[in-house]
Every structure is written in structure tokens, then in C-alpha cells.
Amino acid sequence: MSNLPNPTNPPASAQLFSFMLNIVLFGPPGAGKGTQSQKLIAQYNLVHLSTGDLLRAQIAEGTELGIQAKKLMDEGLLVPDAVVIGMIGSALENNPQAGGFIFDGFPRTVAQAESLDRLMAEHNTHIGCMIALEVQEEELVTRLLERGKTSNRPDDQDETKIRRRVKVYNTETAQVAGYYATQNKFHALNGIGPIDSIFGQICGLIDQHQTVKPETPAAATKEVKA
């Protein structure tokens, strides 16, 4: 990085974060998102961020955020966005040498997307693009029922539950997709086809965004609300 521009007195982490590639990857259950995530992680040296994994890790480590989250979860309450964003911020700080981050199934609401943009701006970086793998519902049902034969997951073995999961995903994604579409960052890809072919299309989109200098969204200039 010695040949890169050096702004006046920038924080060391800011110099690293500014060149990160950050992707929001969405896909309904059974779309192959997990497979593509692993390939993207290897290709671009990304760190995988799943809010579920972050919550479990923070709770296991007994951090302040983890204690807050566990207390709420034990009471049957949802973990507030501010706590989740705090965990993501910790993950960013703990991985300054990463090539970037791949956000798995997050953000799920426009409010979360706005908070994530503000957080990334604070770290002198941004979301490069949101990519959503699209697969018809009947194909998803077929895939998940087949997966359920070996996964031992109850929600992969019940067609009613599968269709409910797909419906919830579609409802959530529509809102977030619209948010990133206004920033020209949303892309939908056909999730049916050879794995390597789909991966090549994803890489093409990512590489296209890497050549364009992003505009900072207005929301990113606002202070994160607790």
C-alpha cells in the first residue's frame, strides 16, 4: 500500500478500510448463497459476516454487547439494531487487514441498511453492491426437501415452513433491494445454473463496481443513533 495516496494524518485503520470490498449477498433458502459466499470469500479475501454468528460469538465471549443481547433474547425480545450494528463495528475493527466483508442476509430492513451505511462511512468505506440470487419458489421447495434428507433440519423437511421462509425472505428483500437500487447498487441474478457460471456473473458485477468511485449516500453522513 506504500504507493497509495496518503491523506493528511488519517487513522491507520481508515487507510486500510478505504480500499475494502464490501458486498451484501442475499438469496432465499436453497438458492445456493452459502456456496457462492465461500467462493467469493476465497476469491476476494473477504470476511464472512452473519449477524447470527456474530451474536453467538459475542455471547460466548461474554462481551458487553453479548451480555446485552443475551438478556434480551432470554426475555424473548428482538436484539435492537443498535446492538447488532455495534457487533458489526467490532468485527470491522478486528479485521482491518481483510480484503473486505460479505454481509450474509443483512441488512433486512431499510433502517438497518441506513445504519450500516453510516457505520461503513465512519470507517471510511462503503457497501459496493447488493447481489440477490433469484430462484423460483417451486425449485427452492424441491431443493430444500432434498437437502432435508441429510441436513436433519426440521425447517428443511416441512413444505409449509419452507414456503413461509421464502415468503418472509421475499418481503424483506423487496424493501432493502429498493434502498440499494436508488444507489445503483442492486443486482438480481438467476440462481439456477452451473455453480461456476453463476459465480462468474457475480464476479463480473463486483469487478464492475470496483472500477466506479462510489458516491457517499446522504444517509451515511448522519450520526448512528443508539
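Let's take contact to mean heavy atoms within 4.5 Å. That term comes up in a moment, but a word on what you're looking at comes before it. This is a predicted model, where local features need pLDDT of at least 70, side-chain atom pairs count only at pLDDT 80 or more, and totals for chains, interfaces and linings use all residues. Residues are numbered from 1 along each chain as its sequence is written, and side-chain values use heavy atoms, with hydrogens and water left out.

Start with the overall layout. The chain has nine helices and five strands, which are DSSP runs numbered from the N terminus (H or I and at least four residues for helices, E and at least two for strands). Reading from the N terminus, the order of elements is α-β-α-β-α-α-α-β-α-β-α-α-β-α. Of the 226 residues, 42% count as buried; here buried means under 20% relative accessible area, exposed means over 50%, and partly exposed is in between, with a 1.4 Å probe and protein chains only. Among contacts in the chain with a separation of 6 or more, 74% are accounted for by residues 24 or more positions apart.

Now zoom in on helix α2, residues 33-44. Its twelve residues reach 16 Å from first C-alpha to last, close to the 16 Å expected at 1.5 Å a residue (the expected span being 1.5 Å times one less than the number of residues). Which residues of α2 are buried? They are Lys33, Gln36, Ser37, Leu40, Ile41 and Tyr44. Looking down the axis of α2, these buried residues fall within an arc of 140°, so they line one face of the helix; the arc is that of the directions from the helix axis to the C-beta atoms. The background here is that an α-helix has 3.6 residues a turn, so residues three or four places apart point the same way. On the face of α2 turned away from the buried side sit the exposed residues Gln38 and Ala42. As for what covers the buried residues of α2, the list includes β1 (21-26), β2 (46-50), β3 (100-104), β4 (129-134) and α9 (195-210).

Asn45 has a positive phi of about 55° although it is not a glycine. Most residues other than glycine have a negative phi. At 48% relative accessibility, Asn45 counts as partly exposed. Asn152, in the loop between α7 and α8, also isn't a glycine and has a positive phi of about 60°. Asn152 counts as exposed, at 60% relative accessibility.

Helix α2 also takes part in the largest pocket, where α2, β2, α3 (51-61), α7 and α8 each give two or more residues to the lining. The pocket holds about 760 Å³ of space. It is lined by 28 residues, of which Gly27, Pro29, Lys33, Asp104 and Arg108 lie nearest its centre. For the method: on a 1 Å grid over the protein atoms alone, a pocket is an open set of points where a 1.4 Å probe fits, with protein on both sides within 12 Å along at least five of seven lines, and lining residues have an atom within 4 Å of a point. Grid points are joined across faces, edges and corners, and the volume is the space filled by probe spheres set on the points.

On to the charges. Side chains of opposite charge can pair when their charged atoms come close. The structure holds 15 salt bridges, each a side-chain nitrogen of Lys or Arg within 4 Å of a carboxyl oxygen of Asp or Glu. One of them joins Glu137 and Arg163, with the closest N and O atoms 2.6 Å apart. That pair links distant parts of the chain, as Glu137 is in helix α7 (residues 137-151) and Arg163 in helix α8 (residues 159-181), 26 residues apart. Glu137 is partly exposed at 33% relative accessibility, and Arg163 is partly exposed at 24%.

Arg163 also meets Glu159 in a salt bridge (2.9 Å, N to O). Those two are four residues apart in helix α8, so about one helical turn separates them. Glu159 is partly exposed, at 37%. Within α7, Arg143 and Glu139 form a salt bridge at 3.0 Å, N to O, and they too are four residues apart, about one helical turn. Finally, Arg147, Arg153, Asp155, Asp156 and Arg165 are linked in a network of salt bridges.
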